[in-house]
Amino acid sequence: MRVTTGDLFWGFLKVGVSGFGGVLPFAHRSIVEHNRWLTEPEFTEALSLAQFLPGPNIVNLSVIIGRRFQGPIGAAAATLGLMLMPLAIVLLLAMLFAQFAHVEAVRNACAGVSAGASGLVLSIALKMARPMRRLPLQLGIAATTFAAIALLRVPLPWALGVLAPLSIGIAWWSNR
Amino acid sequence: MINPLLIELALQFLTLSLLSIGGANAIIPEMHLRAVDIEHWMTDADFSQMFALSQAAPGPNVLIVSLIGWKVAGIAGALVSIAAMCGPSSVLTYQVARAWDRFRDAPLRTAIERGLAPVTVGLILSSGFVLTRTTDHSWPAYATTGSTLLLALTTRLHPLWMLIAAAVLGALGVV
């Protein structure tokens, strides 16, 4: 399959603007079903790599797919395509909001979105926790991370520095 | 002369980039801690508004980073912040993707993936908790958060509809 730098840029540009409420489903549709750049297993593997490395998952995915076809230029083109329009739109939205922030209904609508979106973030965490529900050690790590970050407000570098190696160690040891 | 705030933003997000295991949603508590409590760049209300705007726009949820940058130092702040946030993690991803095939079946890779999963769950759960505490100040607001949580867990409704409903309820003064 030959995918040019231009294909990558425009393909990811479309993914970026259609991604309301989560870009991933649109990325999957575009890359696997519409453009057929990757097969389903190839996409799954790229996604799992994108998710376990630090950084925004979808940006990592664009780097992996861009690199696969066109090296560093491809990675840059895909990422730029992905971010360009959403960045412009969100900044425009922020400037508009700043103009109308004195209108109570606008502020209240914003508070409504915030309250709703907080529920969505909670739901993501609980969905991710489902496969762990019979694994007490993993649940313990998740609960400890939550207590450290949310309740004790431990700075992230300290919490990760202790909990990530511990959890990887447990996974390594329990796998043998 | 470069605005010192731009350098400060760059340093903050360059370090956060490699700590964001689980994506932008996982570092919301840390961003809140740094932007509101440590740097005093904005109030709780500002932070919650930036979060809402980033969710209301299309695109990846890392956009909240650009809005924090915008609030602190305008358009330049937004660009510096998002570039700093995506830079180090993208370089790491690029390098790992190159070596990926060699590690395909390595036990250490499996252990890292399985080990990081529960940490990520704890981080994103913390984000939801911090956002709820920052955002919700009334029973109707908690009810809105609870309803979207339940709907997202039990139905296949597109999240955008839930956000629109929440916006309308908010504009009507219910939330």
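Helices (H or I, at least four residues) and strands (E, at least two) are DSSP runs, numbered from the N terminus. The model is predicted: local features need pLDDT of at least 70, side-chain atom pairs count only at pLDDT 80 or more, and totals for chains, interfaces and linings use all residues. Residues are numbered from 1 along each chain as its sequence is written, and chains are lettered from A and ligands numbered from 1 in the order in which they are written.

**Helix pair.** I looked at α1 (residues 5-18) and α2 (residues 24-34) of chain A, which pack at about 150 degrees with axes 8 Å apart. That makes α1(A) roughly antiparallel to α2(A) (over 145 degrees). I noted A:Gly11, A:Lys14, A:Val15 and A:Ser18 of α1(A) in contact with α2(A), which gives A:Phe26, A:Ala27 and A:Ser30 (contact: C-beta atoms, placed from the backbone, within 7 Å).

**Chain A.** I found seven helices and zero strands. The C-alpha atoms of chain A fill a box of roughly 55 × 45 × 25 Å along the principal axes.

**Between chains.** I looked up the contacts: 87 residues of chain B touch 77 residues of chain A. On the chain B side, α5(B) gives the largest share, 24 residues.

Terms used. Two residues are in contact if their C-beta atoms, placed from the backbone, lie within 7 Å. Axes are lines fitted to C-alpha atoms, for helices over the stretch in contact, and angles run from 0 to 180 degrees between N-to-C directions. Angles under 35 degrees count as roughly parallel, over 145 as roughly antiparallel, 65 to 115 as roughly perpendicular and the rest as oblique.
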